[in-house]
Amino acid sequence: MIQIKSFHGLSTVLLASGLIASNFMSLNLLARKDSGIPDIAKLSNTPYSSIQIRSETKPDGAEEWMFNSKQHDPKLVTTIIDDSKPTFNGGVKKRYTHKQDVAQFAIYPKGSDGKLTADQIACIEKMAQGKSNGMMIADATSVQVTPAIASVPIVGPVLAGIFFGQARKQVGNVASDLAGQWNDC
């Protein structure tokens, strides 16, 4: 029998048993192929697709899972900007924009004959180059910060991974935008 002499020891045992139980539950769900949860990572999707998963427990205790996937939905992307900025003379400048576009991954105006022009291709290349350079910069800075975050007990490695991935993504996007603006794209 385990003897617990303090509240600190009890909380440690409870936390450890909870983590172990959640791991076994996750492994059990993933191991059952027939009635397990669907693998959402294998679904093809776009930024404009929607996925819905709903579960119901029937009165007899049976579970029913409903899965709904709509690709390229909605077909129209609505952008609404309601912005107000203070001016130097003490007033407020208001701007309201309501715009609807057909959903696309990237909207580049087509040149002659429905093809991209050489300038548009150069802009796409410069923005891609800026994104990759930004990701390398984020990698270099994250390497120095990640060990400090990873040293946090229990959740540190998870937080470090999230920080590393998000920093890389955000700095890459900013660098891509900056490269596009720098090259007048």
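The model is predicted: local features need pLDDT of at least 70 and side-chain atom pairs pLDDT 80 or more, while totals for chains, interfaces and linings use all residues. Residues are numbered from 1 along each chain as its sequence is written, and side-chain values use heavy atoms, leaving out hydrogens and water.

The chain contains three helices and four strands, in the order α-β-β-β-β-α-α from the N terminus.

Of the 185 residues, 10% count as buried. The chain exposes about 15100 Å², of which carbon and sulfur atoms supply 61%; accessible areas follow the Shrake-Rupley method with a 1.4 Å probe, and for residues only the protein chains shown count as cover.

Three salt bridges occur in the structure, each defined by a side-chain nitrogen of Lys or Arg within 4 Å of a carboxyl oxygen of Asp or Glu. Arg168 pairs with Asp139 at 2.9 Å, N to O. Asp139 belongs to helix H2 and Arg168 to helix H3, so this bridge ties together parts 29 residues apart in sequence. A second bridge joins Asp83 and Arg95 at 3.9 Å, N to O. This pair links distant parts of the chain, with Asp83 in strand E3 (residues 76-86) and Arg95 in strand E4 (residues 92-102), twelve residues apart. Glu64 and Lys58 form another bridge, at 2.8 Å, N to O.

Accessibility of their partners is tabulated here.

| Residue | Relative accessible area | Class |
|---|---|---|
| Glu64 | 30% | partly exposed |
| Lys58 | 37% | partly exposed |
| Asp83 | 24% | partly exposed |
| Arg95 | 44% | partly exposed |
| Asp139 | 21% | partly exposed |

A nonpolar surface patch consists of Leu15, Leu19, Val152, Ile154, Val155, Val158, Leu159 and Ile162, with about 690 Å² of accessible area together. Helix H1 (7-31) and helix H3 (156-182) are the elements giving two or more residues to the patch, and H3 gives the most, three. Patch residues have over 30% relative accessible area and no salt bridge; nonpolar side chains (Val, Leu, Ile, Met, Phe, Trp, Tyr) are joined within 5 Å, like charges within 9 Å. Ile154 lies in the loop between H2 and H3 and is exposed, at 57% relative accessible area.

Conventions. Buried < 20%, exposed > 50% of the residue type's maximum accessible area, 1.4 Å probe, protein only.
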